[in-house]
Every structure is written in structure tokens, then in C-alpha cells.
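We'll start with a pair of charged side chains and then work through the rest.

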Number of protein chains: 2
Amino acid sequence: MQKVNLEEKFRLFDQYFTPKIVGELNGQYIKIAKFLGEFSWHTHEGEDEFFQVIKGSIIIHLRNESITLNEGECFIVPRGVEHKPQALEEAHIMMFEPKSTGHTGTLENEQTIAIENQQWL
Amino acid sequence: MQKVNLEEKFRLFDQYFTPKIVGELNGQYIKIAKFLGEFSWHTHEGEDEFFQVIKGSIIIHLRNESITLNEGECFIVPRGVEHKPQALEEAHIMMFEPKSTGHTGTLENEQTIAIENQQWL
């Protein structure tokens with residue numbers, strides 16, 4: 001069985017807002033992503049989503065507030081809550097969410113990656 | 001909605017091997033714990049368990065190998081696999097696991113904390 005070194009995994013890709021799967025447990029995926037710029041407003045109807053900042057900082061915009069997360073900080077976006085992640089500089093993020101979660105939720109646009117095209121690292 | 005700052009949460013308790021709940025999503029808990037010394041050999045029959053080292057390092061002993069996890073490293077212990085966590089110096093750990101997971105699995109001993117007595121921080 002293999003451990004996962006997050007820093008090594010982050011060196012394996014450059015694209016922003018394209019989550020990569022690094023682990024699976026109990027019907028959930030552990031994913032990592034690099035954020036830079038603004039992602040789309042979107043909602044996950046049936047899935048809560050956990051964000052942990054591994055490096056840098058991000059802003060999770062909700063419709064009524066914006067939450068800044070720095071390194072070592074975590075936030076759970078509850079199902080049904082519209083949100084828009086943003087990073088002013090490159091940030092490294094770990095996420096924990098059900099295997100069924102598409103990263104743009106119910107939205108489909110040019111940023112959307114189909115669930116079956118999500119990559120394992 | 002509140003973010004979770006892991007460093008702040010770790011300052012709130014001192015006990016070793018007593019996981020505290022810091023978040024809940026999709027039927028899973030996010031827990032944190034301080035490890036020092038050896039925990040008991042135990043198995044979770046129906047639950048995979050994710051460990052991430054936030055500070056320090058730990059060893060996850062399996063029956064056929066021992067895996068050292070340093071800061072920024074993660075490991076998933078699959079359900080049914082007997083394991084014994086150990087820390088030679090104090091280490092800070094984040095875990096993801098189903099809400100039904102007791103930290104000593106199918107073992108009950110003096111280290112066991114009943115699920116209903118697990119604390120939120």
C-alpha cells in the first residue's frame with residue numbers, strides 16, 4: 001500500500017481548476033487541485049464539499065459572504081449552497097467529496113470536466 | 001458558516017489518541033488527534049480510514065509492513081486491515097472516516113472512547 005505525498009503529487013500537473021484524484025475511501029474521493037483566478041459559480045445539489053488549503057490562500061465566495069482560507073484552514077460547503085472559488089495567486093488545495101461529485105456541480109460550461117474524465121494521479 | 005483553522009483547534013486539547021470532531025460531511029467526520037506513543041492494534045471492519053500528517057511524523061504499522069508518514073503525507077487504511085499507529089514524538093493528525101467509526105475499531109480496551117462520547121471542538 002502506498003502513501004501519498006501531497007507536494008510530490010502537486011508537482012505532477014500544472015492546470016488550474018482540474019481536480020486530480022489521489023485517494024478513494026468509503027465512496028468518497030480525495031482530490032487535489034491548483035487554483036488560480038476565478039472559478040464559476042456552481043452548486044452541488046446532493047454533496048457537501050470539503051476544502052483544505054495546503055499552500056497559499058483562496059477565497060470561497062458565497063452569495064452572502066466571502067470566506068478567505070489560508071494555509072492550514074478548511075471549509076465545508078454544504079450541499080445546495082452556491083459558491084465560487086477564487087485564488088489571487090496560485091494555491092494548492094485538497095478536497096474530499098463523494099465520487100459522484102462533478103467539480104462544477106449542476107453547471108456545465110467550458111470549465112467542466114466530466115466525472116468519467118477525472119484523472120487519478 | 002465557519003472555517004476551521006487546524007492549528008487553533010490543536011491548541012484546544014492535550015490528550016493523545018482521543019480524536020476530536022471538527023467537521024461533518026456526507027456521513028463522514030473530519031477529526032483531528034494528537035498522537036504520542038503506541039496505539040492498540042485494531043481493525044475497522046466496514047470503514048476505510050484516511051490519515052494526513054499535519055505536524056510531525058507517525059508510523060502506521062500493518063502486519064506485513066510499517067509506513068512512515070511525514071508532514072504533508074497521507075495514507076488510507078482500507079477496511080479490514082489491522083493497523084497500529086505510533087508516534088515517537090508528538091504528531092498532529094487529521095482523519096476522515098464515516099461517522100460510525102470508533103477509533104479502536106472492533107477492539108474495546110482502556111483506550112476506547114465510545115462513539116457517542118466523541119467530542120466536537
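With which residue does R79(A) form a salt bridge? The partner is D48(A), and the closest N and O atoms are 3.1 Å apart. R79(A) sits in the loop between β7 and β8 of chain A and D48(A) in the loop between β3 and β4 of chain A, so the pair ties together parts that are 31 residues apart in sequence.

## Ground rules

This is a predicted model, where local features need pLDDT of at least 70, side-chain atom pairs count only at pLDDT 80 or more, and totals for chains, interfaces and linings use all residues. Residues are numbered from 1 along each chain as its sequence is written, chains are lettered from A and ligands numbered from 1 in the order in which they are written, and side-chain values use heavy atoms, with hydrogens and water left out.

## Salt bridges within the chains

A salt bridge here is a side-chain nitrogen of Lys or Arg within 4 Å of a carboxyl oxygen of Asp or Glu. Searching the whole structure turns up 14 of them over all chains. Strands, for the element names, are DSSP runs (E, at least two residues), numbered from the N terminus.

Back to that opening pair: R79(A) is partly exposed at 39% relative accessibility, while D48(A) is buried, with 11%. (Buried means under 20% relative accessible area, exposed over 50%, and partly exposed in between, using a 1.4 Å probe and protein chains only.) Chain B has a salt bridge between D48(B) and R79(B), with N and O atoms 3.0 Å apart at the closest. D48(B) is in the loop between β3 (28-38) and β4 (49-55) of chain B, and R79(B) is in the loop between β7 (73-77) and β8 of chain B, 31 residues apart. D48(B) is buried at 12%, and R79(B) is partly exposed at 39%.

K31(A) and E97(A) make a salt bridge too, at 2.7 Å from N to O. K31(A) is in strand β3 of chain A and E97(A) in strand β8 of chain A, so the pair ties together parts that are 66 residues apart in sequence. Both K31(A) and E97(A) are buried.

## How the two chains relate

## The interface

Chain A puts 36 residues into the contact and chain B puts in 36 residues; contact means heavy atoms within 4.5 Å. In chain A, M1(A), K3(A) and N26(A) lose the most area to chain B, together 27% of what that side buries. The copies meet through the same surface, because 100% of the interface residues of chain A are also interface residues in chain B.

The two chains bury about 2700 Å² between them, 59% of it on carbon and sulfur atoms. Buried area is the accessible area (1.4 Å probe) that two parts lose on being put together, summed over both.

There are 2 salt bridges between chain A and chain B. K3(B) forms one with E73(A), the closest N and O atoms being 2.9 Å apart. Elements giving two or more residues to chain A's side include β2 (20-25), β3 (28-38) and β8 (83-98) of chain A.

## The nonpolar core

A nonpolar core is a set of buried Ala, Val, Leu, Ile, Met, Phe, Trp, Tyr and Cys residues joined through side-chain atoms within 4.5 Å. The largest one has 26 residues, and I30(A), F50(A), I30(B), M94(B) and F96(B) touch the most other members. Leaving aside neighbours within four places in sequence, I30(B) has contacts that include F50(A), I76(A) and F96(A), along with M94(B) and F96(B).

## A loop residue

T112(A) lies in the loop between β8 and β9 (119-120) of chain A. T112(A) is partly exposed, at 26% relative accessible area. Beyond its neighbours within four places in sequence, T112(A) is in contact with H103(A), T104(A) and L107(A).

Terms used. Helices (H or I, at least four residues) and strands (E, at least two) are DSSP runs, numbered from the N terminus.
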